[in-house]
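Here is a friendly walk through the strands and a helix of one protein model. Have the sequence and the 3D view open as you read.

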Amino acid sequence: MNHYIKIKVKYLILTLIVVVLACGIHVFYIWCADHPEICISVGGGSAGRNLKIEAPYISFFGKNGIDSSASAELKLFMIHSTHEVVCSNLKDEYKASDIKLDIEEQDKQLLLKYHGTATTFDGKTVDFKREETVYFDLDAEITRHN
């Protein structure tokens with residue numbers, strides 16, 4: 001009887017170790033899927049004829065061979081969509097522009113700061129300053145290409 005109890009305890013301990021290991025692997029997989037390697041480069045772009053505006057170029061790939069999750073890809077799509085809205089408004093309000101983009105991570109937010117000059121349809125050159133906020137934190141490498 002005593003031998004039977006020792007074997008049961010050994011199987012119970014072995015089962016607990018396997019369950020803890022499986023849970024750990026699952027959590028690691030989810031973490032890798034939600035935290036892909038992200039590189040955001042800022043470089044030259046255009047919003048149409050005579051409308052120069054720097055654009056964010058986003059590249060990402062999974063960590064440790066694990067593909068990124070849909071929620072991580074949606075966050076990157078939101079950055080691109082926010083920039084597209086700025087470009088659309090620029091086309092509607094100005095006939096020419098030379099606008100730079102600075103991207104900063106601050107307080108679990110990503111700030112897109114646009115600054116430069118723009119020419120209205122009346123021919124007036126004005127200072128262009130606009131700040132857009134994307135409300136989530138990205139662990140991304142941000143670089144500038146001139």
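Two strands count as paired if DSSP finds at least two bridges between them. Keep in mind that this is a predicted model.

Four strands build it in the order E2-E4-E5-E6, and the pairing is mixed. Strand E2 (51-53) and strand E6 (125-134) each have a single partner strand and stand at the edges, so one side of each lacks a neighbour in the sheet. On average, neighbouring strands here are turned by 15° against each other, direction ignored. Helix H2 packs on this sheet and touches E2, E4, strand E5 (109-120) and E6. The direction of H2 makes about 155° with that of E6.

Strand E1 is mostly covered, with five of its seven residues buried.

Now back to the helix. H2 covers residues 70-93, 24 residues in total. From its first C-alpha to its last it reaches 34 Å, close to the 34 Å expected at 1.5 Å a residue. Which residues of H2 are buried? They are Ala72, Leu76, Ile79, Thr82, His83, Val86, Cys87 and Leu90. An α-helix has 3.6 residues a turn, so residues three or four places apart point the same way.

Conventions. Residues numbered from 1 in each chain as written. Predicted model: local features only at pLDDT ≥ 70, side-chain atom pairs only at ≥ 80, totals over all residues. Heavy atoms only, no water. Buried < 20%, exposed > 50% of the residue type's maximum accessible area, 1.4 Å probe, protein only. Helix = DSSP H or I, 4+ residues; strand = E, 2+ residues; numbered from the N terminus. Expected span 1.5 Å × (residues − 1). Axes fitted to C-alpha atoms, helices over the stretch in contact; angles between N-to-C directions. Contact = heavy atoms within 4.5 Å.
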